[in-house]
Amino acid sequence: MDTHKGTEAHPLTEKGERARQTKISVRWPVTIISGQETLEAESRNITVKGIFLRSQKELRNDEIYQLIVRGPQKQPVLIKGKMIWSNMDEKRRSRSFPGGAFFFVKAVREDREVLRSLISDHLKL
């Protein structure tokens, strides 16, 4: 589900581009879109390459989800992310808060720039 019609999606880090791996700890609202279902989650930390978030619903590893990240005073960032790790299964849920890590796989140029700006602005605080 791409809401940016007519714009080309690119991997978040293009060939030759050196992405900063600065991780920031933030609690921003995130909407996860899975098929016809949406669920609300909250970020715990984020980089230009991925996000760790807290979610009450179990999601499948290796699945690609549409994520809408809402940082402070910026437009929402629409990114496709692949779930690469989670502690959402029942055995681990009792030991820590439920969450999962996503690797960003695609975003349109405008969303990549907004994400970089969100991270950069947070580092200036």
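**Close-up views of a predicted model**

**View 1. Thr31 and its polar partners.** The side chains of Thr31 and Glu40 make a polar contact at 3.0 Å. A second polar contact, of 2.8 Å, links the Thr31 side chain to that of Arg70. A polar contact is a pair of N or O atoms within 3.5 Å; within protein, one must be able to donate a hydrogen and the other to accept it, and residues adjacent in sequence count only if both atoms are side-chain atoms. This is a predicted model, where local features need pLDDT of at least 70, side-chain atom pairs count only at pLDDT 80 or more, and totals for chains, interfaces and linings use all residues. Residues are numbered from 1 along each chain as its sequence is written, and side-chain values use heavy atoms, without hydrogens and water. Thr31 sits in strand 3; strands (E, at least two residues) and helices (H or I, at least four) are DSSP runs numbered from the N terminus. Thr31 is buried, at 6% relative accessible area. Buried means under 20%, exposed over 50%, partly exposed in between (1.4 Å probe, protein chains only). Beyond four places in sequence, contacts of Thr31 (heavy atoms within 4.5 Å) include Thr38, Gln66 and Leu67.

**View 2. The largest nonpolar core.** This core has 25 residues. A nonpolar core is a set of buried Ala, Val, Leu, Ile, Met, Phe, Trp, Tyr and Cys residues joined through side-chain atoms within 4.5 Å. Val30, Ile32, Ile46, Ile51, Leu67 and Phe102 touch the most other members. Elements giving two or more residues include strand 3 (29-34), strand 6 (64-69) and helix 2 (109-124). Helix 2 supplies the largest share, four residues. Leu67 touches Val30, Ile32, Ile51 and Phe102, among others, not counting residues up to four places away in sequence.

**View 3. Asp62 in a loop.** Asp62 lies between strand 5 and strand 6. Its phi is near 70°, a positive value in a residue other than glycine. Most residues other than glycine have a negative phi. Asp62 is exposed, at 56% relative accessible area.

**View 4. Val105 beside Gly81.** Val105 belongs to strand 8 (residues 99-108). Its relative accessible area is 24%, so Val105 is partly exposed. Val105 and Gly81 stand 24 residues apart in sequence, yet 5.4 Å apart in space, C-alpha to C-alpha.

**View 5. Trp85 in strand 7.** Trp85 lies in strand 7. Trp85 counts as partly exposed, at 39% relative accessibility.
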